[in-house]
Amino acid sequence: GVFQDLPYAAARAAQLPLGCGVMATESGFIFSPKVPDHAIISEVAGKVVHSVAEMAKILPTIAEGSYFEVRYIEKGKNAKRNVCRLLKMQRLFAPLAIIQEYRTECGELLWERSELPFPHPVGGAVARQPSSLSATCSSAERPVKDAPTLARVIFRTPCELATDIILDRQETSGTRTVERCGVGFLARRGIVITDRHVVPQPLGDVEVTFMQEITVQAKVLFLHPEHNLVLLSIDPLGEDYGVIPWLKDGELPSLDSCPPLRSGTPLKFVGLDTYGHEVVRQVSVAALVLPPASVSAPALGPPRFSERNCELLDLAEPLPTRWCGLLLTEQGSVAAFIALFACQMANGGRGTRSAGIPLEALSQLMRLVDRPSKVVPELGVDFEELTVAALRRERKFDELAATSTEGEQVASLKDWSPARQVVLCVCRLEKGGPADGLIKEGDVLVRAAGNYVSDGVLSLANIATQGEKLKLQVFRSGALTTVDAVPRAAGSDGSEQVVVWHGL
């Protein structure tokens, strides 16, 4: 951000005396979430500021990661009012510095930049203030919850570091903070699952608030390269985490198994609304659909994440906008996670939609927690659904079974009975990927590693292993073809380091 002593023109327009505050020309990463540009800041951390020099003495005394009060003067159409906001001190992406002009002996005007010091925490840990809720929460006897522990997740990063985020138009002007809010849930001690709309990249600050009672810092453990899922890691033994008994010893959701979901299956939605309040509603399944690549693909422009190869669950009773949470069966096990999906509109703006990510994708993600190398197998292939009726009508699939003389092919066709009456069709291939040159767009996948692919595209992740040959049987041009592909290892998505050029 850029701050300066209150200029005469601005003081005159606001009818304020000179020296009554500091003008925020550009609010920047720390101030922009709550303080608008051109606001006149009068107090910082409870101390009155009359100039940039006074503000520069106050900011280094604020502990890293702590919240502090900022008061500024907002001029409306008819009156001025003092506004108070709470901001979080973060020097990781925005080191504090003061730039002053001076003249040399020759009369040349130069600029001098000096970093503002701040107390470094011991051992590299983030300096934290003692929680004021510790005494209250530790003494409160709250019963163990029988519902999943939901959390409100907040992500912040400077707009110049937003390499994998679809931005609003107001976020792209000036030096601003990109902020995203959403919902996650505690999947294991110290592990939170959320979506990539909330945490779109590793570069950023992540906070997790449990039931509006306690807030802890989190770090990105894994961003799934294909699915709209993120693993967050928090310290289960930390002081702030352990002050609430039900958070430390409460029930964890069951991610082991779930009955097959069909249209009309009754479920219970347990989630959070836009204000972080817990909501419960009875819903039912409308359909389980694999979105076509033409719909889920990003718009033109820089590459962005888009959901691939995951059947999404739609509800017969649509939930209000931005309600996210878990879908539970009658037995209390998790059936799906209602998440937000970011998309780019035709006018370049940012849009969102919600859908359910089924349990199988969540279970596959949780298996990565205990693995030293967190990678998933990937073929570089995008699939779309093709109905069995279209396969028989347009591809003349039945004629092969009637005319084929090879016993293995006949057995494959007669025994193959997709459970959902839809099959997987290759709609897009990554050039240079593991399957490039082996299969083609339009191929219909019949078998993988000798097993019929009849349970959806997520079942492929349970069969494929990176670095090992995977035998695929596809239906192409009226015949069955067998190829061997070697899935590659895809790690966590997103950039962890960037180089920012600020000019000479």
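# Reading a predicted model: core, barrel and loops

Leucine 362 touches Phe185, Ile193, Leu229, Leu255, Val334, Phe337 and Ile357, leaving aside residues up to four places away in sequence. The model is predicted.

User: What makes these residues count as touching leucine 362?

Analyst: Contact means heavy atoms within 4.5 Å. Phe185, Ile193, Leu229, Leu255, Val334, Phe337 and Ile357 are listed as touching leucine 362.

User: Which residues have the most contacts inside the largest nonpolar core?

Analyst: They are Phe185, Ile193, Leu229, Leu231, Ile357, Leu362 and Met366. This core has 35 residues. Several elements give two or more residues to the core, among them S10, strand S11 (191–194), strand S20 (350–358) and helix H7 (359–366).

User: Why is it called a nonpolar core?

Analyst: The term needs buried residues of kinds such as Leu, Ile, Met and Phe, joined through side-chain atoms within 4.5 Å. Phe185, Ile193, Leu362 and Met366 are among the residues with the most contacts inside the core. In soluble globular proteins, nonpolar side chains tend to be buried together.

User: Where else is there a core?

Analyst: A second, separate core has 25 residues, including Val22, Ile30, Ala39 and Ile62.

User: Why is H7 described as largely enclosed?

Analyst: Buried means under 20% relative accessible area. In H7, 7 of the 8 residues are buried, so the rest of the structure largely encloses this helix. The buried residues are Leu359, Ala361, Leu362, Ser363, Gln364, Leu365 and Met366.

User: What makes six strands a barrel here?

Analyst: The 6 strands close in the order S9-S10-S11-S14-S13-S12. Their pairing is antiparallel. From one strand to the next, the twist averages 40°. H7 packs on the sheet, where it touches S10, S11, strand S13 (214–223) and strand S14 (230–233). The direction of H7 makes about 140° with that of S11.

User: Is strand S9 (residues 150–158) mostly covered or mostly open?

Analyst: Mostly covered. In S9, 8 of the 9 residues are buried. Across the chain, buried residues make up 47% of the 504 residues.

User: Why is histidine 38 called exposed?

Analyst: Its relative accessible area is 53%. Exposed means over 50%, so histidine 38 qualifies. Histidine 38 is found in the loop between helix H2 (28–31) and strand S3 (40–44). Its phi is near 65°, a positive value in a residue other than glycine.

User: Why does alanine 45 count as partly exposed?

Analyst: Alanine 45 has 33% relative accessibility. That value lies between the 20% and 50% cut-offs, so alanine 45 is partly exposed. Alanine 45 sits in the loop between S3 and strand S4 (47–48). Phi of alanine 45 is near 55°, also a positive value in a residue other than glycine.

Note on methods: Residues numbered from 1 in each chain as written. Predicted model: local features only at pLDDT ≥ 70, side-chain atom pairs only at ≥ 80, totals over all residues. Heavy atoms only, no water. Buried < 20%, exposed > 50% of the residue type's maximum accessible area, 1.4 Å probe, protein only. Helix = DSSP H or I, 4+ residues; strand = E, 2+ residues; numbered from the N terminus. Pairing = 2+ DSSP bridges. Axes fitted to C-alpha atoms, helices over the stretch in contact; angles between N-to-C directions.
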